[in-house]
Amino acid sequence: MRAIDASTTPMPQVPDILGLRFRHFRGIDLDIPGMAAANQAARLADGEAQPVDVDDMRSGYSLMERCDPARDICVIESDGVIVGYARVEWDDLLGGTRDYWSVTLLSPAVRRPEVIRAMHEWTEARRRAVAAGHRAAGEALTLPCFLATDCLDGDRATTDLLRASGYESYRRFASLVRPDFEAIATPPIPDGLEVRSIVREDALMRRIFDAEMAAFRDEFNARDTSENDYSRFLAESGQDLALWSIAFDGDEVAGGVRSSIKLTHDGVREGWLDPVFTGQAWRRRGLARALIGRTLILLREQGADRAALVADLQSPNQTLALYESCGFRLASSTTSWHKPLVLDAAAPAEAGR
């Protein structure tokens with residue numbers, strides 16, 4: 001066992017597996033393609049329906065605010081090929097908590113118990129160091145703080161480790177697929193609203209972004225937004241404004257469906273409805289159902305083979321029932337896990353922020 005690059009953030013202890021190496025992130029151009037491939041391999045192994053978009057990963061990693069890539073990412077190589085990674089970050093949520101969050105994705109080739117545990121221990125230690133750094137910088141940390149992570153439900157080994165480490169499941173999400181575009185229901189847009197063509201003009205794009213963010217303020221893990229979030233919105237890959245269905249009430253954005261067509265690993269043209277949103281003032285009027293039907297028609301006309309979206313299975317707005325009534329069926333699921341973060345007085349703050 002040995003630590004690598006301990007002069008900055010210590011990497012996990014490396015099990016004695018020939019050719020395996022834990023290292024720091026080297027940059028978007030060098031590492032994102034390999035990380036995306038490892039991410040996709042993990043999703044395939046665990047039955048996750050949502051594909052990885054390498055361009056979205058590039059833009060997302062270039063605009064991170066509360067993750068320092070030089071210290072908060074661990075990349076795993078096997079014989080020089082990236083086979084997994086972990087990332088940690090933190091956020092203050094509108095629900096009144098601070099989450100020190102992590103994600104770990106490992107391709108099947110490296111899913112050995114000692115590797116899974118090493119990554120788990122590294123993400124916990126790193127998140128504790130970040131939290132201790134916040135305290136050392138004078139933050140009172142008055143919000144309830146949690147160690148949080150998401151795990152694909154097909155990854156039973158990590159699920160078992162999280163449970164054994166004191167984490168509790170507290171939210172589930174699902175990817176849903178509509179396998180064809182037959183018999184699409186197209187209810188009318190509610191009276192007083194209209195769907196308009198969208199052009200890439202800053203004032204209009206900002207209105208859509210603001211309406212979308214406001215619609216999700218009562219949803220799970222909502223937080224205040226920043227200019228970085230708007231930049232990420234503008235930079236999303238595969239944007240085809242002709243596939244957006246945005247409804248207006250006068251000058252106000254009432255709701256919308258933004259969609260794009262992604263190519264899956266096996267060459268299927270999959271239309272992703274991401275997101276579907278309705279402002280609070282326009283809910284319970286059939287707007288979301290009408291916009292979904294309209295979007296499905298657009299995707300069919302553009303040659304998509306099937307459609308898909310993500311649902312919060314515990315949403316108070318009963319989105320799962322809506323999506324199932326529109327022909328979508330559950331294909332895979334992910335669980336959010338957390339446990340309270342308790343720092344003792346001597347907790348090290350090395351490289352915390």
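Analyst: An axis here is a line fitted to C-alpha atoms, for helices over the stretch in contact, and angles run from 0 to 180 degrees between N-to-C directions. The model is predicted: local features need pLDDT of at least 70, side-chain atom pairs count only at pLDDT 80 or more, and totals for chains, interfaces and linings use all residues. Residues are numbered from 1 along each chain as its sequence is written, and side-chain values use heavy atoms, without hydrogens and water.

User: Why is helix H4 called oblique to helix H5?

Analyst: The axes of H4 (residues 113-136) and H5 (residues 156-164) cross at roughly 50° and come within 11 Å. Angles under 35 degrees count as roughly parallel, over 145 as roughly antiparallel, 65 to 115 as roughly perpendicular, and the rest as oblique. H4 is therefore oblique to H5.

User: Which residues make the contact between H4 and H5?

Analyst: Ile116, Arg117 and His120 of H4 meet Ala157, Thr158, Leu161 and Leu162 of H5, where contact means heavy atoms within 4.5 Å. By class, the residues of this contact are four nonpolar, two polar and one charged.

User: What makes H6 roughly perpendicular to H7?

Analyst: Helix H6 (residues 202-215) packs against helix H7 (residues 227-235) at an angle of about 110°, with the axes 11 Å apart. That angle makes H6 roughly perpendicular to H7. On the H6 side, the residues that meet H7 are Asp202, Met205, Arg206, Ile208, Phe209 and Glu212. Their partners in H7 are Glu227, Asp229, Tyr230, Phe233 and Leu234. This contact has six nonpolar, no polar and five charged residues.

User: How do you know whether Ser259 is buried or exposed?

Analyst: Buried means under 20% relative accessible area, exposed over 50%, and partly exposed in between (1.4 Å probe, protein chains only). Ser259 has a relative accessibility of 3% and therefore counts as buried. Ser259 is part of strand S9 (residues 252-263). Leaving aside residues up to four places away in sequence, Ser259 touches Asp240, Leu243, Trp244, Trp272, Leu273, Thr295 and Leu299. A polar atom of its side chain lies 2.6 Å from the backbone oxygen of Leu243.

User: Why is Val276 called buried?

Analyst: The relative accessible area of Val276 is 12%, so this residue is buried. Val276 belongs to strand S10 (residues 269-278). Among the residues that Val276 touches, beyond those up to four places away in sequence, are Phe216, Val257, Ile292 and Tyr323. The C-alpha atoms of Val276 and Leu296, 20 residues apart along the chain, are separated by 12 Å.

User: What kind of peptide bond joins Asp274 and Pro275?

Analyst: A cis peptide bond joins them, with omega about 5°. Pro275 lies in strand S10.

User: What makes Ala183 exposed and Asn221 partly exposed?

Analyst: Ala183 has a relative accessibility of 74% and so counts as exposed. The relative accessible area of Asn221 is 37%, and Asn221 is therefore partly exposed. Ala183 lies in the loop between strand S6 (168-178) and strand S7 (194-196), whereas Asn221 is in the loop between H6 and H7.

User: What is the phi of Ala183, and what is the phi of Asn221?

Analyst: Phi of Ala183 is near 50°, a positive value in a residue other than glycine. Asn221 is not a glycine either, and its phi is positive at about 60°.

Notes
Helix = DSSP H or I, 4+ residues; strand = E, 2+ residues; numbered from the N terminus. Nonpolar A, V, L, I, M, F, W, Y, C, P; charged D, E, K, R; others polar. Polar contact = N/O pair within 3.5 Å; in protein donor to acceptor, adjacent residues only side chain to side chain.
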